[in-house]
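Let's walk through this one together, question by question. Have a look at the model first.

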Amino acid sequence: MSEISKLAAAFEQKSTERAENTEKAVQSAFEKHENALLSELSASEKRTRDAIRAQNQRLQRTALKSWMFIAIPLVMIGLLAAGASALMGKYITHQVEQIASYNRTLETLEAEGSKITLTYCGENKRLCAKIDEDGGSYSNGDDKYLILDGY
């Protein structure tokens, strides 16, 4: 039995060595596989990050362009509105000044006889004025004058 024990002990020792060698080989293979997987995952993560960054830049450019299509017309409309308001303000100011000038002229005319009524008289349609018969008449040499009604 000692032969069988020796064989069994040798077999057990070889089996243990083989198991340890197999374990070391499997562990080494797992480490290599793990390192390869980590390396590929890292590279994939970098590619994904770069792709996301590139897509974000494209989207930002697109968003900027679309905002420009909205912002530029709005700014132009604002500038046109401001310009139109300024021009209308000047025009209205000029019209108010002109109306004031016309009012002063009317006041002057009224003070100097603008209430005189003029019309066209006779067959020849000559210009004539209404006479104030109570105003009397005046003469200056050969010329005779009557007071006009409304003056």
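Q: In what order do the elements of the protein run from the N terminus on?
A: Helices (H or I, at least four residues) and strands (E, at least two) are DSSP runs, numbered from the N terminus. There are 1 helix and 4 strands in the protein. Reading from the N terminus, the order is α-β-β-β-β.

Q: Before we go on, what kind of model is this, and which pLDDT do local features need?
A: Residues are numbered from 1 along each chain as its sequence is written, side-chain values use heavy atoms, and hydrogens and water are left out. This is a predicted model, where totals for chains, interfaces and linings use all residues, side-chain atom pairs count only at pLDDT 80 or more, and local features need pLDDT of at least 70.

Q: What radius of gyration does the protein have?
A: The radius is taken over C-alpha atoms, and the globule rule is 2.2 Å times the number of residues to the power 0.38. Along its principal axes, the C-alpha trace spans about 180 × 30 × 20 Å. A compact globule of 151 residues would come out near 15 Å, but the protein has 57 Å.

Q: What share of the 151 residues count as buried?
A: Buried means under 20% relative accessible area, exposed over 50%, and partly exposed in between (1.4 Å probe, protein chains only). By that cut-off, the buried share of the 151 residues is 1%.

Q: Is phenylalanine 11 buried or exposed?
A: Phenylalanine 11 sits in helix H1, which covers residues 2-111. Its C-alpha is 161 Å from that of leucine 146, 135 residues away along the chain. Because its relative accessibility is 58%, phenylalanine 11 counts as exposed.

Q: How far apart in space are arginine 47 and alanine 10, C-alpha to C-alpha?
A: Arginine 47 also has its place in helix H1, and it is exposed, with a relative accessible area of 52%. In sequence, arginine 47 and alanine 10 are 37 residues apart; in space, C-alpha to C-alpha, they are 54 Å apart.

Q: Which residue in E2 stands opposite cysteine 121?
A: E1 and E2 pair in the antiparallel sense over 4 bridges; two strands pair if DSSP finds at least two bridges between them. Their hairpin has 4 residues between the strands, and glycine 122 takes a positive phi near 75° there. The E2 residue opposite cysteine 121 is arginine 126.

Q: What is the phi of lysine 125?
A: Lysine 125 lies in the loop between strand E1 (118-121) and strand E2 (126-129). Its side is open, so to speak: lysine 125 is exposed, with a relative accessible area of 56%. Although lysine 125 is not a glycine, its phi is positive, at about 55°.

Q: How far apart in space are serine 139 and glutamate 31, C-alpha to C-alpha?
A: Serine 139 is part of strand E3, and it is exposed at 58% relative accessible area. Serine 139 and glutamate 31 are 108 residues apart in sequence, and their C-alpha to C-alpha separation is 138 Å.

Q: How far apart do the centres of the positive and negative side chains lie?
A: Lys and Arg count as positive and Asp and Glu as negative, while His and the chain ends are not counted. Each charge is placed at NZ of Lys, CZ of Arg, CG of Asp or CD of Glu. With 19 positive and 21 negative side chains, the centres of the two sets lie apart by 14 Å.
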